[in-house]
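This briefing covers a predicted model. The points below are grouped by topic, starting with the contact between the chains.

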Amino acid sequence: MSENYFEVIRAGINTTFQDNGRKNLNHIGIPASGAIDKRNYKLVNKILNNDINHPALEFAYQGPKLIYYGEPISIAVTGDVNFKLIRKNIETEGKCYESITIENNDEIDLISTNKSVYGYFSVTAKFQIDYQWKSCSTNTKANIGANNGKKLENSQKLHVLDIKEITKRSINYINTRIENIRVIRGTNFDYFSKEAQQNFFSEEFYVTKLSDRMGMRLEGKKLENIVNTNIKSEGLVKGVIQVPADGNPIIMLSDHGTIGGYPKIATVISADFDKLAQLPPGSKIKFKEVNLSDAETIFKLYEMETNTLLSKIT
Amino acid sequence: MIKNISNLGDAAVYCDFGKEVNKEVNSKVIKYFKNLKEQNFEGIINLTPSYNKLIISFDLTVTNFKKVKQIVENLDIKEISSTSEKKIEIPICCDKEFALDLNRLENKLNKSAKEILETFFSKEYFCYMTGFIAGMPFFGDLEKNLQAKRLETPRVKVPKGSIGLTEQFCNIYTFESPGGWNIIGNTPLKVFDTSNEDAPNLINPGDTVRFKEINIEEYRNFNE
């Protein structure tokens, strides 16, 4: 064990190690997992000049409070996060999207995400953690990945190795929120009544508290199924919107079950995944229909925007 | 062989092999799955075969629907050796503490518990697919007189190792998980092993299983 480590004073809510996730394992029931807001995950590592697949801590609503013991190390926080640094008994407000060098005995208190869900924390060193199927991403449902597949717990130690020095790096970035989620019609769109089809694109839906890394449950006008409320179980992908018999949509997110038996009314386009996942319970959603070629163009723009942001960090 | 190819969102190809669910249709799905897996096409990041569908997920930064659809359409399907198709025996204990829905099934099917279990244990089952949760196998086909719908309100927690029945299928819960299948027993067998990265699944699509009833002592002593 290295001598440099963070001690977890407060674990926070759903704090897990994440990276870009896993590939080619859906057929055995293992989803991709990985950071749920890919852009903020990429930004935290770019700010620290880390590899693009470097592990980061992802937290929801409230992050961990950590105390650091060891040689100077740089950290960064991304997302819309309120946090404090406590250095030699002096508290200062932390700023997201910049590298911060901390020293022995310094504390970081990731208090809360502001009108959003997920935040990211990383360091200029290697976390001593386990990988499974080439990824550290923690899937708490199957206990796969770093930290024995579990979320962080109070008073555990996070050891770090190979601390690297960097000069200060930062970027100006403001997280914008969206209400309109763009979707492509699903393979079972015609299972729903004409009225349900219209309501799906015109009514408002609300994010409920029953939302996590597996999926986001919504409530709104009940969507009436006129064919069958079950289909023969088949594969799922991130973004698929399933509607079970109760008529309330569920959107699949990073840790989704790989197979499901509810009709698919639509699929969220890839470009909107990051912002969708950041909508806290109570948020309003309106679905807007786009076609495949629009979705592909919108994704190219999203990628370009992300890459431009990353290239601006020096 | 594929009846229809469409897009599922902007980053997946949805291959529909037809409405029927049987061993023959599923074998075609598996054949496509194995060929695509073996040829390791650039940009394909996940393959999800099921009873009668195959979903191919791809990296939208590398490829797109049109290109992956072409790969599928032009795929040269080779016979892939079936040496991996095993026969496995699964011990199940149907003691009261495990058979959570046996009473309910007696009413639904209008049969005694004894009749239900005798029928269930009387044949071999074919593994159509694995998934939902890591390593969960889906088998078929149950005899017509054992076919029942899902629970109206799914359980929040189905215990690990549970054997569930629904329609023509049965499955094994490899982890504690939410679920709505009719639970008739529990296996002490380790069906999914996270420490074995090369072959975490005990049972794979194409395998055949036979369930064997064990009593509560045998269950308790199983892992000793």
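The contact takes in 38 residues of chain A and 46 residues of chain B. About 3,500 Å² is buried between chain A and chain B, and 58% of that area lies on carbon and sulfur atoms. As the model is a predicted one, these values are computed from predicted coordinates.

**Interface between chain A and chain B**

- H27(A), K232(A) and I259(A) together supply 19% of the area that chain A buries against chain B, more than any other three residues.
- Between chain A and chain B there are 2 salt bridges.
- E234(A) forms a salt bridge with K53(B), and the closest N and O atoms of this pair are 3.1 Å apart.

**Barrel in chain A**

- Chain A holds a closed barrel of 7 strands in the order β13-β20-β17-β18-β15-β14-β21, with mixed pairing.
- Neighbouring strands of this sheet are turned against each other by 40 degrees on average, direction ignored.
- G215(A) stands opposite M252(A), which belongs to β18(A).
- Helix α2 (residues 194–202) of chain A lies across β13 (180–185), β14 (205–211), β17 (240–242), β20 (264–268) and β21 (284–289) of chain A.
- The angle of helix α2 to β21(A) is about 115 degrees.

**Strand β5 of chain A**

- Strand β5 (residues 73–78) of chain A is mostly covered, with 6 of its 6 residues buried.
- I73(A), I75(A) and V77(A) point one way from β5(A), while S74(A), A76(A) and T78(A) point the other way, and all are buried.
- β5(A) pairs in the antiparallel sense with strand β8 (residues 100–102) of chain A over 3 bridges, and I102(A) in β8(A) is the bridge partner of I73(A).
- β5(A) is also joined to strand β10 (residues 118–123) of chain A by 4 bridges, and these two strands run antiparallel.
- The bridge partner of V77(A) in β10(A) is F121(A).

**Cysteines**

- Over all chains the structure holds 0 disulfides.
- C15(B) is in no disulfide, and the nearest cysteine sulfur, that of C127(B), is 20 Å away.
- C15(B) is buried, with a relative accessible area of 0%.
- The cysteine sulfur closest to that of C93(B) is in C94(B), and because the two sulfurs are 6.6 Å apart, they are too far for a bond.
- C93(B) also counts as buried, at 1% relative accessibility.

Terms used
Residues numbered from 1 in each chain as written. Chains lettered and ligands numbered in written order. Predicted model: local features only at pLDDT ≥ 70, side-chain atom pairs only at ≥ 80, totals over all residues. Heavy atoms only, no water. Pairing = 2+ DSSP bridges. Axes fitted to C-alpha atoms, helices over the stretch in contact; angles between N-to-C directions. Contact = heavy atoms within 4.5 Å. Disulfide = S-S within 2.5 Å. Buried < 20%, exposed > 50% of the residue type's maximum accessible area, 1.4 Å probe, protein only. Buried area = accessible area lost by both parts, 1.4 Å probe. Salt bridge = Lys/Arg side-chain N within 4 Å of Asp/Glu carboxyl O.
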